[in-house]
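Let's take a walk through this protein chain together, from its overall make-up down to a few individual side chains. Have the viewer open and follow along as we go.

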Amino acid sequence: MTLKKGFMAGVLSTALCASAVFGGAAATGSAQAPEKSYLVVFKNENTLPSGYQELIEKAGGKVSDKLEKVGAVEVSTANPNFLTAIKKSSSVQDAGVQKKLYPESPAVEAAFTPEADASADLYNSLQWDIKQVTNNGESWTLPGGTGKSVDGNDIVVGVIDTGIDYTHPDLKDNYAYGKSFVPGYPDAMDQNSHGTHVAGSIAAKGRTMGVGPDLKVAAYRVFGPTGGAETAHIAEALMTAADDNVDVVNMSLGGYDWFQNPEYATKDTVADVRLFNRAIQYAIKKGVTVVGSAGNNAVDISSPGKLSGDDNGSTHRSPSSQSMIRVSAGGQLKNLAFYSNYGVGKIDVIAPGGDLGPNYDPATNTGRDNTYLCLATIPGGGYGYKGGTSMAAPKAAALAGVIIAQHGKDKLSPSQVKHIVQSSSEDLFKNGYDGEAGHGLINAVNALK
């Protein structure tokens with residue numbers, strides 16, 4: 001899919017993880033301008049400058065949230081001249097209209113028809129993806145492979161998503177805790193299904209299994225049942241997870257930013273990009289391995305990206321960092337899924353995300369076989385098929401968790417964990433590194449051996 005110049009400026013869509021929305025409706029007539037949400041990122045990366053609140057107020061804004069540990073604030077104001085005013089300050093690095101990320105439907109999904117026997121094992125019959133990563137469960141027999149660290153401390157994977165159904169029979173024993181960053185929704189209970197499916201791929205233990213069936217999962221809910229999440233709230237969730245001493249964070253979400261093109265987001269998106277980068281680095285410095293999905297637009301996200309259409313500007317996948325693990329999606333036949341993004345220098349590894357089988361034709365939507373999708377937990381104690389890079393990333397996050405479990409909590413740095421994930425992967429496609437599979441298909445047995 002290529003987005004051309006004629007596409008409505010300001011609205012960008014992804015096939016699974018999120019959409020980035022820029023700008024807002026302009027005021028008409030004598031009506032008062034609506035309030036907008038802005039990000040102001042200061043030059044000091046570790047604290048807020050003295051007098052920052054007075055500075056914001058003089059520019060016509062009001063601080064609605066502060067992210068002191070990364071030197072940024074969220075501001076609300078109806079003043080159309082706020083950006084011009086605030087950018088005059090020598091203490092400001094970047095400022096811009098804050099964008100939102102919206103959870104969307106997976107690239108592909110299908111309902112699962114329950115079997116007559118409500119206790120029937122589903123892992124053995126349908127979870128080809130978990131078998132692919134674990135070599136048919138062999139990794140669970142290796143030291144650390146069950147997800148328990150050698151010193152007895154639990155390894156926790158933070159899931160920044162739509163929440164988790166912590167009552168699900170396959171997840172309740174491995175649920176650590178939950179926190180919500182959604183205004184008006186204090187509970188971390190999943191009301192969407194995306195986060196519960198992601199959590200099941202990590203640590204389900206029941207009729208379905210996760211890559212690390214004794215890992216713990218913690219919900220950091222940033223999405224409500226239908227709404228979006230501001231950059232600041234996602235960054236806050238990531239930093240909170242780091243402060244909570246989780247071992248791994250999975251972010252199956254994202255959007256895109258365009259640079260050097262006034263029709264799309266230009267310098268105003270730099271504040272969002274910089275805030276994400278600081279939040280990711282904050283987590284990594286605190287020992288958290290951060291994993292993210294590559295996106296589902298079937299395009300090259302290297303710079304300049306094809307998402308820019310006929311334009312010459314560069315495309316940025318957000319949130320992203322060279323220090324995190326970026327995951328593309330593969331199919332049961334160890335192919336690149338038809339929807340998965342790719343790009344040299346942007347993809348670290350590939351993991352099973354599911355597709356619709358070898359006979360599926362995306363152009364005609366014929367030959368579909370849902371059993372090639374990924375089956376995992378959904379709210380209400382049920383199961384569902386989904387396919388997307390959001391389904392691939394948590395398998396890499398779980399692998400990071402079991403690697404940490406084998407070596408012991410706080411024994412490996414995130415860069416060392418990333419190196420093991422990459423170096424133990426199965427080479428696919430071109431010899432060595434390539435933009436489709438990165439360093440290769442993740443393999444828990446190789447990683448633990």
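The chain holds 10 helices and 20 strands. Keep in mind as you look around that this is a predicted model. Of the 449 residues in the chain, 59% are buried. To see how the chain connects with itself, take the contacts between residues at least 6 apart in sequence: 75% of these join residues at least 24 apart.

If you want to select them, the buried residues run from His-194, Gly-195, Thr-196, His-197 and Val-198 through Ala-199, Gly-200, Ser-201, Ile-202 and Ala-203.

Next, turn to a pair of helices. Two packed helices are described by the angle between their axes and by the distance between those axes. Here, helix α6 (residues 231-243) packs with helix α7 (residues 270-285) at an angle of about 10 degrees, and their axes are 9 Å apart. Angles under 35 degrees count as roughly parallel, and α6 is therefore roughly parallel to α7. On the α6 side, the contact is made by Thr-231, Ala-232, Ile-234, Ala-235, Leu-238, Met-239, Ala-242 and Asp-243. The α7 side contributes Asp-272, Leu-275, Phe-276, Ala-279, Ile-280, Tyr-282 and Ala-283. By residue type, this contact of α6 with α7 divides into 12 nonpolar, 1 polar and 2 charged residues.

Now for the aromatic rings, where the count comes to 8 pairs. One of these pairs joins Phe-112 and Tyr-385, with ring centres 6.0 Å apart and planes at 75 degrees. Planes over 60 degrees apart count as edge-to-face, so that is the geometry of this pair. The two partners come from distant parts of the chain, 273 residues apart: Phe-112 lies in the loop between β8 (108-111) and α3 (123-126), while Tyr-385 belongs to strand β20 (residues 382-387). Phe-112 is buried at a relative accessible area of 14%, and Tyr-385 is buried as well, at 8%.

Another edge-to-face pair is formed by Phe-338 and Tyr-339, whose ring centres are 5.3 Å apart and whose planes meet at 80 degrees. Phe-338 is partly exposed, at 32% relative accessibility, whereas Tyr-339 is buried, at 4%. Elsewhere, ring pairs link Tyr-177, Phe-181 and Tyr-220 into a cluster. A ring can also have a charge over it: the charged end of Lys-131 sits over the ring of Tyr-123, 5.4 Å from the ring centre.

Finally, a look at the backbone. Most residues other than glycine have a negative phi. Asn-135 has a positive phi, near 55 degrees, and is found in the loop between α4 (128-134) and β9 (156-161). With a relative accessible area of 30%, Asn-135 is partly exposed. Asp-410 also has a positive phi, near 65 degrees, and is found in the loop between α8 (389-407) and α9 (414-423). Asp-410 is exposed, with a relative accessible area of 58%.

Conventions. Residues numbered from 1 in each chain as written. Predicted model: local features only at pLDDT ≥ 70, side-chain atom pairs only at ≥ 80, totals over all residues. Heavy atoms only, no water. Buried < 20%, exposed > 50% of the residue type's maximum accessible area, 1.4 Å probe, protein only. Helix = DSSP H or I, 4+ residues; strand = E, 2+ residues; numbered from the N terminus. Axes fitted to C-alpha atoms, helices over the stretch in contact; angles between N-to-C directions. Parallel < 35°, antiparallel > 145°, perpendicular 65-115°, else oblique. Contact = heavy atoms within 4.5 Å. Nonpolar A, V, L, I, M, F, W, Y, C, P; charged D, E, K, R; others polar. Phe/Tyr/Trp six-rings, centres within 6.5 Å; stacked < 30°, edge-to-face > 60°. Lys NZ or Arg CZ within 6 Å of the ring centre and 35° of its normal.
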